[in-house]
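Visitor: I am new to reading protein models. Could you walk me through some features, one at a time?

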Amino acid sequence: MKIKLKLWSKVAEIIGSIGIIISLIFVAIQYKKNSLALETSTVNSVNTNIANWYSYMGDDLSVSTVFSKFFEEPKILTPEERFQAIMKLHSLFLHLQNAYYLEKKGVLDPSIRKSITYVFFSGKEKPGFKYFWKIRKDIFTEEFQKFVDNIIQSEPDSNIEKLYEKIIN
């Protein structure tokens with residue numbers, strides 16, 4: 001009887017161990033699914049924020065006109081129009097800084113930085129961009145400032161692919 005009891009005790013331990021292993025596998029699968037869901041949600045949120053900014057700019061003729069003039073020559077605008085353009089551009093920069101941060105933390109795909117690089121690269125020679133960055137740069141994180149400064153200091157005719165590779169390394 002004692003041998004049977006020991007045998008059943010060992011069988012119960014083995015079954016219990018198998019149950020724990022199955023539970024751990026299930027937890028790992030759920031963790032991976034939750035991580036993917038969180039990453040997908042984050043990417044969607046970042047893209048939605050930036051897309052909403054662009055939509056607003058494109059949908060409102062007066063805002064897009066002021067913004068366009070600001071980029072070409074900020075000094076020709078009234079102080080109120082300049083302020084409006086600066087706030088809209090600051091909003092975009094905050095979205096881009098957030099995307100940059102999330103990409104650096106591994107939440108977003110590294111190719112996101114390529115998109116951000118292109119946004120800055122395409123406007124960096126414009127007087128309004130320079131004006132904005134001069135007066136608002138210190139509001140952003142130091143790491144993001146360095147990222148943008150590296151783009152600004154690149155040659156105007158730089159190959160965007162090579163510039164991106166330089167900046168990510």
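Visitor: Is K146 buried, partly exposed or exposed, and what is its relative accessible area?

Guide: Buried means under 20% relative accessible area, exposed means over 50%, and partly exposed lies in between (1.4 Å probe, protein chains only). K146 has a relative accessible area of 49%, so K146 is partly exposed. Before we go on: this is a predicted model, where local features need pLDDT of at least 70 and side-chain atom pairs count only at pLDDT 80 or more, while totals for chains, interfaces and linings use all residues. Residues are numbered from 1 along each chain as its sequence is written, and side-chain values use heavy atoms, with hydrogens and water left out.

Visitor: Which residue meets K146 in a salt bridge?

Guide: A salt bridge is a side-chain nitrogen of Lys or Arg within 4 Å of a carboxyl oxygen of Asp or Glu. Here the partner of K146 is E142, at 3.5 Å from N to O. Both residues lie in helix α6, four residues apart, about one turn of the helix. Helices are DSSP runs (H or I, at least four residues), numbered from the N terminus. E142 is exposed, at 55% relative accessible area.

Visitor: How many salt bridges does a search of the whole structure find?

Guide: Six. One of them joins K137 and D149, at 2.6 Å from N to O. That pair links distant parts of the chain, since K137 sits in the loop between α5 (127-136) and α6, and D149 in helix α6, 12 residues apart. K137 is partly exposed, with a relative accessible area of 22%, whereas D149 is buried at 14%.

Visitor: What describes a pair of aromatic rings?

Guide: The distance of the centres and the angle of the planes describe such a pair. Rings of Phe, Tyr and Trp (its six-membered ring) pair if their centres lie within 6.5 Å; planes under 30 degrees apart count as stacked, over 60 as edge-to-face and the rest as tilted. This structure holds 18 aromatic pairs. Among them, F120 and F129 are edge-to-face, with 6.2 Å centre to centre and 70 degrees between the planes.

Visitor: What angle do the planes of F120 and F144 make?

Guide: Their planes are at 65 degrees and their centres 5.8 Å apart, so this pair is edge-to-face too. F120 lies in helix α4 (residues 111-123) and F144 in helix α6 (residues 142-152), so the pair ties together parts that are 24 residues apart in sequence. Both F120 and F144 are buried.

How values were computed: Helices (H or I, at least four residues) and strands (E, at least two) are DSSP runs, numbered from the N terminus.
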